[in-house]
Amino acid sequence: MKNKVKLKRILSDPKLFIENIIKIVDKKQQTVPFKLNEMQGEFLDFIRDNKYIVLLKSRQVGGSVLCMAYAIWLSITRPNSTCLLMSYSKDSAGGIFAKLKQMYFSIPSVLRPKLTNNSKEELRLENGSRIITATCGTKDVARGLTLNFAHLSEVGLMESDKLKRQLVAIEQAL
(Lines give C-alpha, C1' and ligand atoms only; values in the text may rest on other atoms or scores of the structure.)
Protein backbone atom coordinates (compact mmCIF):
# COMPACT_ATOMS: atom_id res chain seq x y z
CA MET A 1 0.00 0.00 0.00
CA LYS A 2 1.42 3.40 -0.98
CA ASN A 3 2.01 6.08 1.64
CA LYS A 4 -0.77 8.37 0.38
CA VAL A 5 -3.28 5.52 0.48
CA LYS A 6 -2.12 4.54 3.99
CA LEU A 7 -2.38 8.12 5.22
CA LYS A 8 -5.86 8.52 3.74
CA ARG A 9 -6.96 5.32 5.49
CA ILE A 10 -5.46 6.45 8.82
CA LEU A 11 -7.11 9.87 8.57
CA SER A 12 -10.50 8.31 7.79
CA ASP A 13 -10.56 6.05 10.86
CA PRO A 14 -10.35 7.51 14.38
CA LYS A 15 -8.90 4.30 15.85
CA LEU A 16 -6.10 4.16 13.27
CA PHE A 17 -5.44 7.90 13.71
CA ILE A 18 -5.31 7.70 17.50
CA GLU A 19 -3.08 4.63 17.60
CA ASN A 20 -0.72 5.68 14.80
CA ILE A 21 -0.51 9.46 15.17
CA ILE A 22 -1.22 10.58 18.75
CA LYS A 23 1.15 10.12 21.66
CA ILE A 24 0.27 10.36 25.34
CA VAL A 25 2.21 10.61 28.58
CA ASP A 26 1.83 7.37 30.52
CA LYS A 27 1.82 6.83 34.29
CA LYS A 28 5.63 6.56 34.23
CA GLN A 29 5.83 10.05 32.64
CA GLN A 30 7.01 8.56 29.34
CA THR A 31 5.68 9.79 25.99
CA VAL A 32 4.33 6.71 24.23
CA PRO A 33 2.04 5.91 21.29
CA PHE A 34 -1.64 5.92 22.31
CA LYS A 35 -2.68 2.27 22.18
CA LEU A 36 -6.34 1.81 23.04
CA ASN A 37 -7.20 -0.57 25.84
CA GLU A 38 -10.24 -2.84 25.51
CA MET A 39 -12.65 -0.40 27.19
CA GLN A 40 -11.42 2.49 25.04
CA GLY A 41 -11.87 0.44 21.86
CA GLU A 42 -15.45 -0.42 22.78
CA PHE A 43 -16.17 3.15 23.88
CA LEU A 44 -14.81 4.50 20.58
CA ASP A 45 -17.25 2.25 18.71
CA PHE A 46 -20.11 3.68 20.79
CA ILE A 47 -18.95 7.25 20.12
CA ARG A 48 -18.90 6.65 16.37
CA ASP A 49 -22.29 4.95 16.31
CA ASN A 50 -24.36 7.03 18.78
CA LYS A 51 -25.21 10.68 19.31
CA TYR A 52 -25.69 10.46 23.10
CA ILE A 53 -23.78 8.17 25.45
CA VAL A 54 -23.72 7.92 29.22
CA LEU A 55 -20.71 5.94 30.38
CA LEU A 56 -20.57 4.68 33.96
CA LYS A 57 -17.02 3.63 34.62
CA SER A 58 -14.34 3.57 37.26
CA ARG A 59 -11.73 6.31 37.40
CA GLN A 60 -8.48 6.25 35.46
CA VAL A 61 -9.51 3.85 32.69
CA GLY A 62 -8.89 6.36 29.92
CA GLY A 63 -12.36 7.62 28.99
CA SER A 64 -11.51 11.32 29.04
CA VAL A 65 -8.17 10.89 27.27
CA LEU A 66 -9.95 8.91 24.54
CA CYS A 67 -12.49 11.73 24.18
CA MET A 68 -9.65 14.25 23.85
CA ALA A 69 -8.03 12.16 21.12
CA TYR A 70 -11.38 11.78 19.34
CA ALA A 71 -11.93 15.56 19.50
CA ILE A 72 -8.48 16.09 17.96
CA TRP A 73 -9.19 13.59 15.17
CA LEU A 74 -12.58 15.16 14.47
CA SER A 75 -11.16 18.69 14.44
CA ILE A 76 -8.36 17.79 12.05
CA THR A 77 -10.36 15.63 9.65
CA ARG A 78 -13.61 17.63 9.60
CA PRO A 79 -12.96 21.33 9.01
CA ASN A 80 -15.14 23.80 10.92
CA SER A 81 -15.94 21.27 13.66
CA THR A 82 -16.53 22.39 17.23
CA CYS A 83 -15.80 20.07 20.15
CA LEU A 84 -16.51 20.78 23.81
CA LEU A 85 -14.70 19.17 26.74
CA MET A 86 -16.33 20.13 30.05
CA SER A 87 -15.43 19.28 33.63
CA TYR A 88 -16.71 20.03 37.11
CA SER A 89 -13.96 22.41 38.26
CA LYS A 90 -11.55 24.95 36.86
CA ASP A 91 -8.58 22.82 37.93
CA SER A 92 -10.00 19.70 36.31
CA ALA A 93 -10.81 21.56 33.07
CA GLY A 94 -7.29 23.01 33.12
CA GLY A 95 -5.83 19.52 33.48
CA ILE A 96 -7.90 18.30 30.54
CA PHE A 97 -6.73 21.23 28.44
CA ALA A 98 -3.06 20.66 29.33
CA LYS A 99 -3.34 16.99 28.34
CA LEU A 100 -5.22 17.94 25.16
CA LYS A 101 -2.43 20.32 24.16
CA GLN A 102 0.25 17.70 24.86
CA MET A 103 -1.58 15.24 22.64
CA TYR A 104 -2.16 17.82 19.90
CA PHE A 105 1.50 18.83 19.79
CA SER A 106 2.57 15.16 19.69
CA ILE A 107 1.16 14.99 16.16
CA PRO A 108 3.85 15.35 13.48
CA SER A 109 3.88 18.93 12.19
CA VAL A 110 3.13 17.87 8.60
CA LEU A 111 -0.23 16.45 9.80
CA ARG A 112 -1.01 19.02 12.49
CA PRO A 113 -2.93 22.10 11.33
CA LYS A 114 -1.51 25.38 12.58
CA LEU A 115 -3.34 27.04 15.42
CA THR A 116 -4.95 30.43 14.95
CA ASN A 117 -5.80 30.59 18.67
CA ASN A 118 -4.12 28.84 21.58
CA SER A 119 -5.68 30.35 24.69
CA LYS A 120 -6.28 28.96 28.18
CA GLU A 121 -9.56 27.35 27.09
CA GLU A 122 -9.52 26.92 23.31
CA LEU A 123 -7.51 25.51 20.45
CA ARG A 124 -8.66 27.00 17.14
CA LEU A 125 -7.22 25.32 14.05
CA GLU A 126 -6.51 27.02 10.75
CA ASN A 127 -9.15 24.78 9.14
CA GLY A 128 -11.84 26.54 11.22
CA SER A 129 -12.23 23.80 13.83
CA ARG A 130 -12.25 24.49 17.56
CA ILE A 131 -11.75 22.46 20.71
CA ILE A 132 -13.09 24.28 23.75
CA THR A 133 -12.63 23.35 27.41
CA ALA A 134 -14.96 24.73 30.03
CA THR A 135 -16.08 24.40 33.62
CA CYS A 136 -19.71 23.43 34.21
CA GLY A 137 -21.76 26.36 35.36
CA THR A 138 -19.32 29.21 34.84
CA LYS A 139 -21.24 30.28 31.75
CA ASP A 140 -23.58 28.70 29.25
CA VAL A 141 -20.70 27.82 26.98
CA ALA A 142 -22.71 25.83 24.43
CA ARG A 143 -25.28 28.55 23.76
CA GLY A 144 -24.87 29.92 20.26
CA LEU A 145 -22.60 27.06 19.16
CA THR A 146 -23.11 24.14 16.86
CA LEU A 147 -21.29 21.23 18.48
CA ASN A 148 -20.06 18.17 16.68
CA PHE A 149 -18.87 16.45 19.86
CA ALA A 150 -19.16 17.06 23.59
CA HIS A 151 -17.58 15.24 26.53
CA LEU A 152 -18.58 15.97 30.12
CA SER A 153 -16.02 14.61 32.57
CA GLU A 154 -16.94 13.59 36.12
CA VAL A 155 -20.57 14.59 35.82
CA GLY A 156 -21.30 13.22 39.30
CA LEU A 157 -19.26 16.08 40.79
CA MET A 158 -21.15 18.82 38.91
CA GLU A 159 -23.79 20.87 40.73
CA SER A 160 -27.22 19.59 39.72
CA ASP A 161 -28.85 22.91 38.78
CA LYS A 162 -25.83 24.05 36.76
CA LEU A 163 -25.59 20.66 35.05
CA LYS A 164 -29.25 20.72 34.00
CA ARG A 165 -28.83 24.16 32.41
CA GLN A 166 -25.65 23.06 30.62
CA LEU A 167 -27.22 19.84 29.36
CA VAL A 168 -30.13 21.73 27.80
CA ALA A 169 -27.71 24.06 25.98
CA ILE A 170 -25.43 21.19 24.89
CA GLU A 171 -28.32 19.05 23.64
CA GLN A 172 -29.60 21.95 21.54
CA ALA A 173 -26.09 22.56 20.18
CA LEU A 174 -25.46 18.94 19.15
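This is a predicted model: local features need pLDDT of at least 70, side-chain atom pairs count only at pLDDT 80 or more; totals for chains, interfaces and linings use all residues.
Hi everyone, this is a short tour of one protein chain, going from its overall build to two local details.

The chain has six helices and seven strands. If you start at the N terminus and walk along, the order is α-α-β-β-α-α-β-α-β-β-β-β-α.

How does the overall size compare with a compact globule? For 174 residues, such a globule would have a radius of gyration near 16 Å, and the chain comes out at 16 Å, so the two agree. Along its principal axes, the C-alpha trace spans about 55 × 35 × 30 Å.

Of the 174 residues, 44% are buried. The accessible surface is about 10100 Å², and carbon and sulfur atoms account for 51% of that. As for contacts, take those with a separation of 6 or more: 62% of them join residues 24 or more positions apart.

Let's zoom in on Q40, which sits in helix α3, residues 38-49. Is Q40 buried or exposed? Its relative accessible area is 4%, and the cut-off for buried is under 20%, so Q40 counts as buried. What does its side chain find there? A polar atom of the Q40 side chain lies 3.0 Å from the backbone oxygen of G62.

My second stop is a hairpin made by β4 and β5, with three residues between them. Strand β4 covers residues 115-118 and strand β5 covers residues 122-125; they pair in the antiparallel sense, over three bridges. If you want a place to look on screen, find N118, which stands opposite L123 in β5.

How values were computed: Residues are numbered from 1 along each chain as its sequence is written. Side-chain values use heavy atoms; hydrogens and water are left out. Two strands pair if DSSP finds at least two bridges between them. Helices (H or I, at least four residues) and strands (E, at least two) are DSSP runs, numbered from the N terminus. Buried means under 20% relative accessible area, exposed over 50%, partly exposed in between (1.4 Å probe, protein chains only). A polar contact is a pair of N or O atoms within 3.5 Å; within protein, one must be able to donate a hydrogen and the other to accept it, and residues adjacent in sequence count only if both atoms are side-chain atoms. The radius of gyration is taken over C-alpha atoms; the globule rule is 2.2 Å times the number of residues to the power 0.38. Contact means heavy atoms within 4.5 Å. Accessible areas come from the Shrake-Rupley method with a 1.4 Å probe; for residues, only the protein chains shown count as cover.
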